[in-house]
Amino acid sequence: MTTFVSHLEAAIDGTRIPFGRLVGMHADRPVWVRYDLDRIRQAVTPAAIANRPPTLWRYRELLPLPLDAEPVTLGEGMTPLLPCPRLGAELGLTDLWVKDESQLPTGSFKSRGQTMCVSLAKWLGVTRVALPTAGNAGGAAAAYAARAGMECFVFMPADTPTVNQFEAHLYGAKAYRVNGLIHDCGKIVKAGADRMGWFDLSTLKEPYRLEGKKTMGLEVAEQLGWTLPDVILYPTGGGTGLIGMWKAFRELVELGWIPAGKLPRLYSVQAEGCAPIVTAFDKGERFAELFPNARTVASGLRVPAAVGDFMMLDTIRESGGKAIAGKEASIASWMRRASGAEGISVCPETAVCFDVLEGLIERGEVRPHERVVVFNTGAATKYLEAMPVELPAVDRDAVAWDKL
Ligand SMILES: *Cc1c(COP(=O)(O)O)cnc(C)c1O
């Protein structure tokens, strides 16, 4: 096996775990993948990567799948980093960018995590996987499991957006609605592991989804000429995106591909109806408590308890950023405002980021000329419930021109 992975490492206490066999959590907490970065530095350069196909697999040496194993892929990445001058001007920013993850397979950044964890699971001999989902993860897992020829079981809260229910079914998964929230679904997946013989692909309950999400950070760095923005806003649920991106930046600094001391401030954005990380951040805690009565149409953010809470909170603090909640009532208006300004399909989770960004600018915490990157983590078209639309009618025989 050809790999640059040196070992796995328990996030809670640093225990070393050998790479190459099936691993879930350690002490009920997540596990990091660690690399031999000195060997990677000798094996590959940014210039070599520049000549590779534009998918996230271009960063192969920095990913956990051994070089002699075949990825399970739908051609995912590299997503465009789009300058947004019109939306920037509305907000009072001169250098605003959106990293548009809505263009990935199954319409969200969840495909980054799934291409990675399903590839590793397949390499390790898994034939049956299961996961809980609050939204997009189920469809992505179902699609990649189909691609790998694996069986996939998906458990989702009964009020998960219709399109997410549809896509899990569409891609051939055994998908179920549960009378509870995502952590209740997670308990079912955990309880079934032995009896049903499935491997648990829950967020951060295996080491490799995080490595897939890490590629968002690698792509941003490469797209900005191996520099990083001043500020990143990221909508945070289970936390893999936020934690993965920061891990990417740290690895790039250690490789010497980006300068140290110029890392962005990460703003972790949640919706006020489900903001456990914001609550813990404000209290100065390292672990979050279960957020009661979690409710938000930004379904990717409806994660009332996360096993990676301390990893998120460590990341946010280390970056000099903050965890901030946006207003539920502003979601539909920001979806339309941002999508209408730039032609990008802005999901509810990202709409919350724009609400938070507006506040940061008003309070002077983000300054007008700073380079700001907002992640559009999914496609608005998957969330018909978030912005119900009934178009005005036109009579084919009597168009009221003055009313158009
Ligand atoms: C899952 C999801 C999120 C939250 O991502 P995490 O990595 O779980 O924090 C945000 N936006 C969308 C569209 C999602 O599907």
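Me: In which strand does Leu233 lie?

Reply: This is a predicted model. In it, Leu233 belongs to strand β10, which covers residues 231–235.

Me: Is Leu233 buried or exposed?

Reply: The general idea is a cut-off: a residue counts as buried when its relative accessible area is under 20%. Leu233 has a relative accessible area of 0%, so Leu233 is buried.

Me: How far apart are Leu233 and Val352 in sequence and in space?

Reply: Sequence separation and spatial distance are read separately. Between Leu233 and Val352 there is a separation of 119 residues in sequence, while their C-alpha atoms are 9.9 Å apart in space.

Me: Turning to the ligand, where does the ligand sit?

Reply: The ligand is in the largest pocket.

Me: Which residues around the ligand come nearest?

Reply: There are 16 residues around the ligand, and those that come nearest are Lys110, Gly237, Gly239, Thr240 and Thr377. Sorted by class, the shell holds 10 polar, three charged and three nonpolar residues.

Me: What is 2.7 Å from an oxygen atom of the ligand in Thr240?

Reply: For a polar contact, look for a pair of N or O atoms within 3.5 Å. In Thr240, the atom at 2.7 Å from a ligand oxygen is an N or O atom of the side chain. With Gly239, a backbone N or O atom lies 2.7 Å from an oxygen atom of the ligand. Gly238 also takes part through its backbone, where a polar atom is 2.9 Å from a ligand oxygen.

Me: How much of the ligand's accessible area does the protein cover?

Reply: On its own, the ligand has 380 Å² of accessible area, and the protein covers 97% of that.

Technical notes. Residues are numbered from 1 along each chain as its sequence is written. This is a predicted model: local features need pLDDT of at least 70, side-chain atom pairs count only at pLDDT 80 or more; totals for chains, interfaces and linings use all residues. Side-chain values use heavy atoms; hydrogens and water are left out. A residue is near a molecule or strand if one of its heavy atoms lies within 4 Å of it. A polar contact is a pair of N or O atoms within 3.5 Å; within protein, one must be able to donate a hydrogen and the other to accept it, and residues adjacent in sequence count only if both atoms are side-chain atoms. Accessible areas come from the Shrake-Rupley method with a 1.4 Å probe; for residues, only the protein chains shown count as cover. On a 1 Å grid over the protein atoms alone, a cavity is a set of points where a 1.4 Å probe fits but cannot get out, and a pocket is an open set with protein on both sides within 12 Å along at least five of seven lines; lining residues have an atom within 4 Å of a point. A molecule sits in a cavity or pocket if more than half of its atoms lie within 2 Å of its grid points. Ala, Val, Leu, Ile, Met, Phe, Trp, Tyr, Cys and Pro count as nonpolar, Asp, Glu, Lys and Arg as charged, and the others, Gly among them, as polar. Helices (H or I, at least four residues) and strands (E, at least two) are DSSP runs, numbered from the N terminus. Buried means under 20% relative accessible area, exposed over 50%, partly exposed in between (1.4 Å probe, protein chains only).
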